[in-house]
Amino acid sequence: MSIAAGCALLLVAIGGVAWVAFGPQKDSGHVAALKSPTSTPTSTPLATPTPTPTTQAQLTREQMALTPPMGWNSWNAVGCTGLTAQVVENAADEIVKRGLKAAGYEYVVVDDCWQAGRNAAGELVPDPTRFPDGMKAVADYVHKDGLKFGIYAVPGSQTCGNYFSQYPVHGIGSLGHEKQDAEEFASWGVDYLKYDWCRADINDHLDEQTAFKQMEQDLDATGRNIVFSISEYGVEKPWLWAPGVANLWRTTHDIHPLWSSVLQHIDAQVPLTQYAKPGAWNDPDMLEIGDGGLTPTEETSHFAMWCMLAAPLFVGTDIGALPVESVSLLTNPELVAIDQDAEGHEARQVSSIGGVETWERPLTKGRYAVALFNTTAGPLTMSATLAGLGIPAGSYTVRDVVERVNVAPTSAGVSGYAASHGIVVLELTPAK
């Protein structure tokens, strides 16, 4: 989740108790002292959760998410203070309405600050004001649109919302409740769990590998197929130990809607190419499309590079408010097809010289994707030979998948023109 640059007070009722939330606005520099609630929220104890039946046989961890997951996450859109059932249900509707579902976006993920505490039985309780019908009702709504439902939890005692956004409802981490939470999530119909580290080493002296493996085992025991996304920001090199434990793992700290942040996240992927494979993905964090911090050219490069990197594609904005151009980019079928290619290779950086980066990615059926990426401050014509790219000699038809036009066939090399911070992505198919 992103850390807001400033904070402002917002008074919200949770279970009849007022609390102070810190949102993304700038504050006045003075905050009145308010006492956070210390009592356990009262509610009728929930029935003992039982695994939700699934229409397909249970999959092993390696069989889930055979292509990078695609969907929407609430955090960048509404943060802690704006999260409601209506926001989530509207997102599901807009995914369908605006063509994102048809393009492959299927997960609707509720991030942090949905929790009102735990009841007397120790079960997590959704905030009754913002989720008045409970979380299963939201999951059912998402499922009726033919989509899948995701939720947020942490392995320690404190969520990121507790620490970074001063969310005052405590005792909502999964520490000591792993099995109980996994069963409850399954009973609600959860299809995807984002499990966020959030200083669990500092607060609770937990070990990353042990904590994440514990939740994976508890998810598996529910009998429900739940894609497992872990966030420990690449600190303990999860690409070395997370395959088979998680389906995707964050490789970086949080991305921001800034060109410099996008470049940093791309650079962080350079040495990780070999670790991505079907069912196990490097995750450079959410898409910053429509957040207002990137130019249209930069948004195109950002999205195209995430597709080259076989990255999970999660939109973090109000989908209903996205410009038509942003929707067109997110649903570009040829770029999405590269991201979702069944072989699951992540692109490798072939060269980076003078601000020009060249990337190559093998695709199914003997095809290749090539990205010529201009990170400089001016327009450039860029080129690369087949030999330099490591592509076997032969004749290839060439398709510009950003512009969605055919270009001249080649048996020697490729070239393309891009504006400052622009990109050319070419798909090479062996000529018949």
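Visitor: How many disulfides does a search of the whole structure find?
Guide: Two, in this predicted model.

Visitor: What pattern do they follow along the chain?
Guide: Counting bonded cysteines along the chain, the pattern is 1-2, 3-4.

Visitor: Take Cys 80. Which cysteine does Cys 80 form a disulfide with?
Guide: Cys 113. Their sulfur atoms are 1.7 Å apart. The pair links distant parts of the chain, 33 residues apart. Cys 80 sits in the loop between helix H1 (75-78) and helix H2 (85-97). Cys 113 is in the loop between strand S4 (107-109) and strand S5 (115-118).

Visitor: Is that link left-handed or right-handed?
Guide: Left-handed, with -65° about the S-S bond.

Visitor: And is Cys 80 buried or exposed?
Guide: Buried, because its relative accessible area of 5% is under the 20% cut-off. Cys 113 is buried too, with a relative accessible area of 0%.

Visitor: Next one. What does Cys 160 join to?
Guide: A disulfide joins Cys 160 to Cys 198, with S to S at 1.9 Å. This pair also links distant parts of the chain, 38 residues apart. Cys 160 belongs to helix H5 (residues 160-164). Cys 198 lies in the loop between strand S8 (192-196) and helix H7 (200-204).

Visitor: Why is the disulfide of Cys 160 and Cys 198 left-handed?
Guide: Because the torsion about its S-S bond is about -105°.

Visitor: Are Cys 160 and Cys 198 buried or exposed?
Guide: Cys 160 is buried, and Cys 198 is as well.

Visitor: Last one. Why does Cys 307 count as buried?
Guide: Because its relative accessibility is 0%, and buried means under 20%.

How values were computed:
Residues are numbered from 1 along each chain as its sequence is written. This is a predicted model: local features need pLDDT of at least 70, side-chain atom pairs count only at pLDDT 80 or more; totals for chains, interfaces and linings use all residues. Side-chain values use heavy atoms; hydrogens and water are left out. A disulfide is a pair of cysteine sulfur atoms within 2.5 Å. Helices (H or I, at least four residues) and strands (E, at least two) are DSSP runs, numbered from the N terminus. Buried means under 20% relative accessible area, exposed over 50%, partly exposed in between (1.4 Å probe, protein chains only).
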